[in-house]
Amino acid sequence: MATSKTFLILIFVILATTSSTFATLGEMVTVLSIDGGGIKGIIPATILEFLEGQLQDVDKNTDARLADYFDVIGGTSTGGLLAAMITTPNETNRPFAAAKDIAPFYFEHGPKIFQSSGQNSGPIYDGKYLMHVLQEKFGETRLHQALTEVAISTFDIKTNKPVIFTKSQLAKSPELDAKMYDISYSTAAAPVYFPPHYFVTNTSNGDKYEFNLVDGGVAAGNPSLLSISVATKLAEEDPAFASIKSLNYKQMLLLSLGTGTTSEFDKSHTAEEAAKWGILQWMLPLQEMTSAASSYMNDYYLSTVFQALDSQNNYLRVQENALTGTTTKMDDASVANMEFLVQVGEGVLKKSVSKDDPETYEEALKRFAKLLSDRKKLRANKASY
């Protein structure tokens with residue numbers, strides 16, 4: 001009899017522990033954020049291919065896709081294009097692209113996207129081929145059809161305000177329900193490189209709503225904070241997340257992917273040199289500086305907050321800070337450079353997360369894959385009750 005009671009108590013403890021774990025993991029909001037960086041998008045594409053492969057291995061499912069595991073996928077510029085590629089549905093309502101298809105997309109289309117317009121004035125590239133490819137790939141698919149919540153940033157040069165394309169805001173702002181190719185081109189339309197994008201949608205009253213958009217990097221080169229903000233609103237407004245309205249970072253799993261910064265940048269410009277610059281000389285370096293500053297400051301803020309909440313394992317920033325040569329360029333789509341960028345991505349996986357942490361990015365991503373898998377299974381089990 002005592003043995004039976006002990007057994008029952010043990011079962012009760014196991015169930016209670018499982019329930020607690022279930023609640024903790026099941027209520028986590030999972031967020032993926034991808035920086036801008038032009039052709040350097042090949043670096044996060046390589047990281048995502050590794051992560052998706054790990055998810056497939058953990059769940060023994062070759063059809064597993066990133067959109068199945070992340071509640072919010074945010075991106076800016078080339079990161080916004082990646083976000084669209086892995087969340088836009090195909091004819092079978094699965095993601096348009098597997099992670100392993102992204103780098104080949106750059107190899108196939110990059111050289112034509114970054115082909116000089118040959119004009120003496122205007123942007124370096126006319127954007128026509130980029131728009132053609134996006135229309136061909138995404139068709140008439142609109143934002144509301146995305147397979148998970150997205151946060152794709154752009155900037156409206158007429159209203160002088162950021163425009164963030166998110167599904168969760170469509171009820172209040174139906175004009176945001178644009179075609180995915182319009183959103184994808186807009187977030188990638190970096191000033192100087194590509195022309196701004198004009199298009200029209202409809203408001204709730206049926207009136208025309210105009211957009212005049214450029215690259216989301218103007219608003220957020222590193223969209224991590226933006227993605228978290230969208231996740232917070234999602235938790236407050238979506239009934240599926242009603243149990244975590246008082247969202248904090250302890251209840252969030254954030255993976256932030258950079259497109260690399262250069263170790264040579266501080267050697268290429270000095271105060272003495274820049275003191276002689278005018279507007280034209282400052283234009284491109286200032287854009288690079290602003291992008292790098294956004295990347296560093298967002299990471300600094302997030303890592304500080306996650307550590308303060310004793311949740312540092314819930315945040316992973318994957319970034320290469322030692323790009324050199326052609327890999328520093330946003331628009332070098334030569335085959336040789338793109339191959340270098342793949343090597344950079346593969347090399348990052350082998351590096352330690354930090355000087356104080358011997359865990360490699362590869363090991364950290366495997367850990368994240370397990371957490372993502374567990375949380376997905378637990379939420380599915382919870383939904384079945």
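Predicted model: local features only at pLDDT ≥ 70, side-chain atom pairs only at ≥ 80, totals over all residues.
Is Phe165 buried or exposed, judged by relative accessibility? Phe165 counts as buried, at 0% relative accessibility.

## Aromatic pairs

The whole structure contains 11 aromatic pairs. In one of them, the ring centres of Phe105 and Tyr106 are 6.1 Å apart; the planes meet at 85°, so the pair is edge-to-face. Angles over 60 degrees fall in that class. Phe105 is buried, with 7% relative accessibility, and Tyr106 is buried too, at 5%.

Phe165 also has a ring partner, Phe211. Their centres are separated by 5.7 Å and their planes by 45°, and the pair is classed as tilted. Phe165 belongs to strand β4 (residues 161–165) and Phe211 to strand β6 (residues 208–215), so the contact ties together parts 46 residues apart in sequence. As with Phe165 at 0%, Phe211 counts as buried, its relative accessibility being 1%.

## Ring cluster and a charge over a ring

Phe114, Tyr125, Tyr193 and Phe194 are joined by ring pairs into a cluster.

A contact of another kind involves Tyr69: the charged end of Lys376 sits over the ring of Tyr69, at 5.5 Å from the ring centre.

## Largest cavity

Rolling a probe the size of a water molecule over the atoms shows where empty space is left. Across the whole structure, two cavities of 30 Å³ or more are found. The largest has a volume of about 160 Å³.

The lining of the largest cavity consists of 14 residues, and those nearest the cavity centre are Gly38, Thr78, Phe114, Ala188 and Phe194. Two of these names, Phe114 and Phe194, also occur in the ring cluster. Helices α3 (78–87) and α4 (102–113) each contribute at least two lining residues. By type, the lining of the largest cavity has 11 nonpolar residues, three polar and no charged.

## Second largest cavity

The second largest cavity has a volume of about 40 Å³. Its lining is formed by Ile43, Pro44, Ile47, Leu257, Gly258, Val318, Gln319, Glu320 and Val348.

Which helix gives the most to the lining of the second largest cavity? Helix α2 (residues 42–59) does, with three residues. The lining of the second largest cavity divides into six nonpolar residues, two polar and one charged, whereas the lining of the largest cavity has no charged residue.

Note on methods. Residues numbered from 1 in each chain as written. Heavy atoms only, no water. Phe/Tyr/Trp six-rings, centres within 6.5 Å; stacked < 30°, edge-to-face > 60°. Buried < 20%, exposed > 50% of the residue type's maximum accessible area, 1.4 Å probe, protein only. Helix = DSSP H or I, 4+ residues; strand = E, 2+ residues; numbered from the N terminus. Lys NZ or Arg CZ within 6 Å of the ring centre and 35° of its normal. 1 Å grid on protein atoms, 1.4 Å probe; cavity = no way out; pocket = protein on both sides within 12 Å on 5 of 7 lines; lining within 4 Å. Points joined across faces, edges and corners; volume = space filled by probe spheres on them. Nonpolar A, V, L, I, M, F, W, Y, C, P; charged D, E, K, R; others polar.
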